Amino acid sequence: MALLSLKNLWVEYGEKVVLERISLDIAEGSFVSIIGPSGAGKSSLLRVVLGQEKPTRGTITLDGAPLPAECGPDRGVVFQRYSVFPHLTVLGNTLLGLEFSASPFTARLFGGARRAAVAEAEAMLESVGLADSRHLYPAQMSGGMQQRLAIAQALIKRPRILLLDEPFGALDPGIRKDMHALITRLWREHGLTIIMVTHDIKEAFSLGTRVLTLDKRRHDPHAPQRYGAAVIYDLELTRKAQQVHADAGADEQAEAIGITIDTVGNN
Amino acid sequence: MRWVTAQPGRGRAILLGALPLVVLAFAYIVAAAARHSDNVADKILPLPGAMAAAMAALIFEADPLSGQYLFWADTLASLTRLGLGLGIATASTLLVGLVVGSLPPVRATLGPLVTAIAVIPPIALLPILFIVFGLGETAKVALIVIGVAPFMIRDVAGHIAALPREQVIKALTLGANSWGVMLRVALPQAMPRLIEALRLSLGPAWVFLISAEAIAADVGLGYRIFLVRRYLAMDVILPYVAWIAILAVVMDFVLSRGSRRLFGWAHGAAH
């Protein structure tokens, strides 16, 4: 059975239809990349899955149970920016998830419980390569380090699904490559299920096991808001076999199926 | 060298900052000396010696009528009122600002009320306060609270409401409830802003304190200034004003230093 199921999902803002008839089954352990031009509702789809927004129509089920339209610890998220808390150190940011669930009233841990949580957080920081930076504040770190922290912070909750909203869009190309290696390693080691929205078509193909392209199927030039975007391409990549060639082949693959993509960030 | 990029060093900045003060003091002494050469008994611009003598009587000698050292009694009374007023204003800002800033339904409910109170000139409420609380300490403290709290609440609540939406979403995905978001996300980030709002409120708070003391009091810095005005006692008024300025500067300095020490993350790389 699919881990996450979207059935006939519509998202409308008043007259404007953003997404229409989205039906998807996402299997456990898959790495789904979502691409598409600006305004095609990529981020809307992510927000709906995250629970930040309620779909106008349709249902979402996680493990067969309907998903409440609220953010919860079963879905982790990393945004392009503002994912980490500026007033907490690296360690504090990572501990926060453990503290929230352990003590709903004070949202803090003390004594032995805290020591155990610190050990867990430090292990997580170790695995994202921030072990030596645990006492730094986010403002003292580069964008890449902040995203590493955001990933560690989300993963410590062991979410069923990790949602990434253009997580590497603001990073330098070299750093981005390191981050690709990191997220791939974490995905394998932790057996994660990841949904990633990206503008970078190469990134979408090289990281994903499945690439979804959102765009409008129909277009009314007199009323552009009439039709929403839907999944126009749904490509399963046999990633494990093609791992070595995936990087090189991504662009050609994209060109072959004629996907148009914008290169300008929209958030 | 261009003026817009010329950064004076630390020593030079202190020197430059002291220059206008020295010039002002010198200009005063010249003007005072000129007036005294015309009229030895001039009261409008007293010479430093006269000011020192007048202040020494207030600082070191007990008042024969009340047995109090007036300067210290005035200072203590004024600082108590100011401290109480600012303390209550800060505590209520923390409470109301946090709730109004982080919970949109509460913001919709209380926001307009806070705005409405904030636009009323507090001095216009002073008669009401005197009628309700009498002429004692309560009315003076209440004036300071009503004068500065609405501004502080609006400032802090606005700052919390403007925190990136992503932070709230992220906290919820980390298992927080609304209380957790307020306690661990909104509150710590509001603290440096609260201190900033308090610093900006020091000026208005002094205005309300002096006004209240001028109208109805029997002790206090503002009371003394308005009392001795009847005798044209500039030799007391000027040192008192200088003393108020020193107190205000020290408070501002302590708050600014405290914020940097406690909330280094909010002050750039200086930690």
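Modeller: Happy to; here is the meeting place of the two chains, followed by the parts around it.

A word on ground rules. This is a predicted model, in which local features need pLDDT of at least 70, side-chain atom pairs count only at pLDDT 80 or more, and totals for chains, interfaces and linings use all residues. Residues are numbered from 1 along each chain as its sequence is written, while chains are lettered from A and ligands numbered from 1 in the order in which they are written.

Let us begin with the contact itself. Chain A brings 25 residues to it and chain B brings 19 residues; two residues are in contact if their C-beta atoms, placed from the backbone, lie within 7 Å. On the side of chain A that touches chain B, the elements giving two or more residues are β6 (75-78) and α2 (90-102) of chain A. Helices here are DSSP runs of H or I with at least four residues, strands are runs of E with at least two, and both are numbered from the N terminus. The largest share of that side, four residues, is from α2(A). By class, the side of chain A that touches chain B holds 15 nonpolar, eight polar and two charged residues. In this scheme Ala, Val, Leu, Ile, Met, Phe, Trp, Tyr, Cys and Pro count as nonpolar, Asp, Glu, Lys and Arg as charged, and the others, Gly among them, as polar.

Now look at helix α7 (residues 165-173) of chain B. Its buried residues are B:Glu166, B:Ile169, B:Lys170, B:Ala171, B:Leu172 and B:Thr173. A residue is buried if 20 or more other C-beta atoms lie within 10 Å of its own, exposed if 12 or fewer, and partly exposed in between, with C-beta atoms placed from the backbone. The cover over the buried residues of α7(B) includes α1 (42-50), β6 and α4 (143-155) of chain A, together with α8 (178-215) of chain B. Just after α7(B), B:Gly175 has a positive phi of about 95°.

Two of those buried residues lead us across to chain A. A:Ser83, in the loop between β6 and α2 of chain A, touches B:Glu166 and B:Lys170 as well as A:Val78 and A:Ala150, leaving aside residues up to four places away in sequence. A:Ser83 counts as buried because it has 25 C-beta neighbours inside 10 Å. The C-alpha atoms of A:Ser83 and A:Ala154 are separated by 9.5 Å, although the two residues are 71 residues apart along the chain.

A:Thr89 lies in the loop between β6 and α2 of chain A too. With 18 other C-beta atoms within 10 Å, A:Thr89 is partly exposed. Not counting residues up to four places away in sequence, it touches A:Arg134, A:His135, A:Leu136 and A:Tyr137. A:Thr89 and A:Ser133 are 8.9 Å apart, C-alpha to C-alpha, and 44 residues apart in sequence.

How do these pieces sit in chain A? Chain A is divided into domain 1 (1-74 + 159-267) and domain 2 (86-157), with bounds that come from an automatic or database domain assignment. Contact between them involves 13 residues of domain 1 of chain A and 10 residues of domain 2 of chain A. Helix α5 (residues 173-190) of chain A supplies six residues, the largest share of the domain 1 side. That domain 1 side has 11 nonpolar, one polar and one charged residues.

Finally, step back to chain B, which has 10 helices and zero strands. Buried residues make up 31% of its 271 residues. Chain B is divided into domain 1 (9-45) and domain 2 (58-266), and the centres of these two domains, taken over C-alpha atoms, are 32 Å apart. An unreviewed UniProt entry places the annotation "domain: ABC transmembrane type-1" on residues 75-259 of chain B; UniProt positions are given in the numbering used here, feature names are shortened, and annotations may be inferred rather than shown by experiment. Over residues 75-259, chain B is 88% helix and 0% strand, and the end C-alpha atoms are 26 Å apart.
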